[in-house]
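User: Hi! I am new to reading protein models, and I would like to learn how to do it step by step. Could you guide me through this one?

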Amino acid sequence: MNEREVIRVASVRDFKKVSDTVWEIPSSYKDGMRVPARIYATERLIREMDDGVIDQVTNVATLPGIVGHAFCMPDGHWGYGFPIGGVAAMDARSGVISPGGIGFDVNCGMRLVLTNLSFGEVRERLRDLVDRLFERVPAGVGSTGLLKISQDEFRRVVEEGARWCVRNGYGWDEDLERTEEFGCISGADASKISNKAVERGYKQIGTLGSGNHYLEIQVVKPENIFDPQLARAFGITLPEQVAVMFHCGSRGFGHQVATDYLQLFLKVMEKKYGIRILDRELACAPFNSPEGRDYFAAMKCAVNMSFANRQVILHRVREVFSDVFGRDPAEMGLHQVYDVAHNTAKLEEHILDGQPRQLLVHRKGATRAFGPGAHALPPVYRNTGQPVIVGGSMETGSYLLAGVETGSQTFFSTAHGSGRTMSRKQAKRMFQGKQLQRDMEGRGIYVRTVSFSGLAEEAGPAYKDIDEVVGATELAGISRRVARLIPVGNVKG
DNA sequence: ATGTGC
């Protein structure tokens, strides 16, 4: 069970060591690189990284308008076009937008909620909680939610995001303040999405999906608090405090939006805009073009769908806690700490060489991590820096981090999770879902799933060491550890 | 990730 299978061992010889956790590949490495690439990792992590990451991050460095460096975070692994863990900022006037730099699951992200219950109060109701969550938060490929709305109403949801949910009784006003973009990114335009995307998405609000998407009951143990002051500011005030964390995205809707525009970009990229790329998976269009702007407006619909999805899931979590404990949800805390995306491209102002610049920052499997003082943060987090939620594998635990001022080096981006070391196929060969469920129960994690083969794919050893990943981000100065959360219950797709 | 694969 402890055996770790590594996809391939990367060669470290071409890298320039910038620091213990930053490795640079110069722009001379490959024809067409406009900027150097930088990989954030400890030596151990970079040796485990597969060669595909090196190839992909240096491909990204060739894209028109890229500034600074093409980055890969410590949890990086091979992805579609861009590595997962990739960060690339493009000049808003001269650069491109690329669906491969955002991910098919637009606004895949994390939400963290804290109860005011200690594990001692929850332990004997844990199975009941997980069983009911399993019923109320549908998981798996093609799953549909309990929310019944028309396709026309869905078009309003994708323009209004989590605000639509709160307005319709699915959440509290305070949830919006504690969501990136206040739960609704401006500029979403439902006239830019296809009917097919709407048809796939309108029944999927309030659902988890599959793969590494999950909903967990977690515990914060006192020995796992690294920054007591920030932990308190984020709402961790009790020993063995119980939390709920979930990870999901825009489901079939975001996938369809990405597919639609990928096809359009492949048609116009070379013929209309003369852009040549090394890998067709890097399909892109000038950000400042009709196609680029349309994709940006459509992609924002998927961003909002995902915020709405997680908002309704939070509502279900509150309903279930209320049912199980027979109390009003507000009596049990159930305050949202934060909701943050890790698959987006966002227009942001950053200082580059001392000058303010408008940049389109692609973060694909990378989390925005704004430091203290950032204007985009709500007053409650203006002085602490942004809460950053990093989901680990279902066996090993997750982290709450905070953004820091020195995060400017990566345009305020950090890791998003553990990152796979084993392909799904390898993991299925090595683990058996039912046995894994029993093993996990033996270690105090009650897990429910719709797919045992899917469960096997998510086994802890199929992922990098989360402690090593977040440790690298802290050493590099792109985020700071606040607390580690241990899973005790898990709903998996 | 995804009504799972060009």
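User: Which residue forms a salt bridge with Asp 128, and how far apart are the closest N and O atoms?

Analyst: A salt bridge here is a side-chain nitrogen of Lys or Arg within 4 Å of a carboxyl oxygen of Asp or Glu. Asp 128 pairs with Arg 132, and their closest N and O atoms are 3.1 Å apart. Before we go on, please note that this is a predicted model: local features need pLDDT of at least 70, side-chain atom pairs count only at pLDDT 80 or more, and totals for chains, interfaces and linings use all residues. Residues are numbered from 1 along each chain as its sequence is written, chains are lettered from A and ligands numbered from 1 in the order in which they are written, and side-chain values use heavy atoms, with hydrogens and water left out.

User: Where do Asp 128 and Arg 132 lie?

Analyst: Helices (H or I, at least four residues) and strands (E, at least two) are DSSP runs, numbered from the N terminus. Both residues belong to helix α4 (residues 126-136), four residues apart, which is about one turn of the helix. In helix α5 (residues 151-160), Glu 153 and Arg 156 are three residues apart, again about one turn. Their salt bridge has its closest N and O atoms 2.6 Å apart.

User: Which salt bridge links distant parts of the chain?

Analyst: Look at Arg 357 and Asp 91, whose closest N and O atoms are 3.0 Å apart. Arg 357 sits in strand β13 and Asp 91 in strand β5, 266 residues apart. To describe how covered a residue is, we call it buried under 20% relative accessible area, exposed over 50% and partly exposed in between (1.4 Å probe, protein chains only). Asp 91 counts as buried because its relative accessibility is 7%, while Arg 357, at 25%, is partly exposed. By this rule, the count of salt bridges comes to 35.

User: How is chain A divided into domains?

Analyst: The bounds come from an automatic or database domain assignment. This assignment gives domain 1 (12-101) and domain 2 (108-421 + 463-492). Taken over C-alpha atoms, the domain centres are separated by 23 Å.

User: What area is buried between domain 1 and domain 2?

Analyst: The size of an interface is often given as the accessible area lost when the parts come together. Buried area is the accessible area (1.4 Å probe) that two parts lose on being put together, summed over both. Between domain 1 and domain 2 this is about 4,000 Å², with carbon and sulfur atoms giving 65%. In domain 1, Asp 75, Ile 97 and Pro 99 lose the most area to domain 2, together 18% of what that side buries. If contact means heavy atoms within 4.5 Å, 46 residues of domain 1 are in contact with 51 residues of domain 2.

User: How many salt bridges are there between domain 1 and domain 2?

Analyst: The count is three. Elsewhere in the list of salt bridges, the side chains of Asp 465 and Arg 44 meet at 3.6 Å, N to O.

User: What does Asp 465 do at the N-terminal end of α15?

Analyst: Asp 465 caps that end: a side-chain oxygen lies 2.9 Å from the backbone nitrogen of Asp 467. Helix α15 (residues 466-476) is mostly covered, with eight of its eleven residues buried. Among them are Ile 466, Val 469 and Ala 476. After α15 comes Gly 477, with a positive phi near 80°.

User: Is Asp 353 buried or exposed, and is Phe 411 buried or exposed?

Analyst: Asp 353 is exposed because its relative accessible area is 77%. Phe 411 is buried, with a relative accessibility of 4%.

Terms used. Polar contact = N/O pair within 3.5 Å; in protein donor to acceptor, adjacent residues only side chain to side chain.
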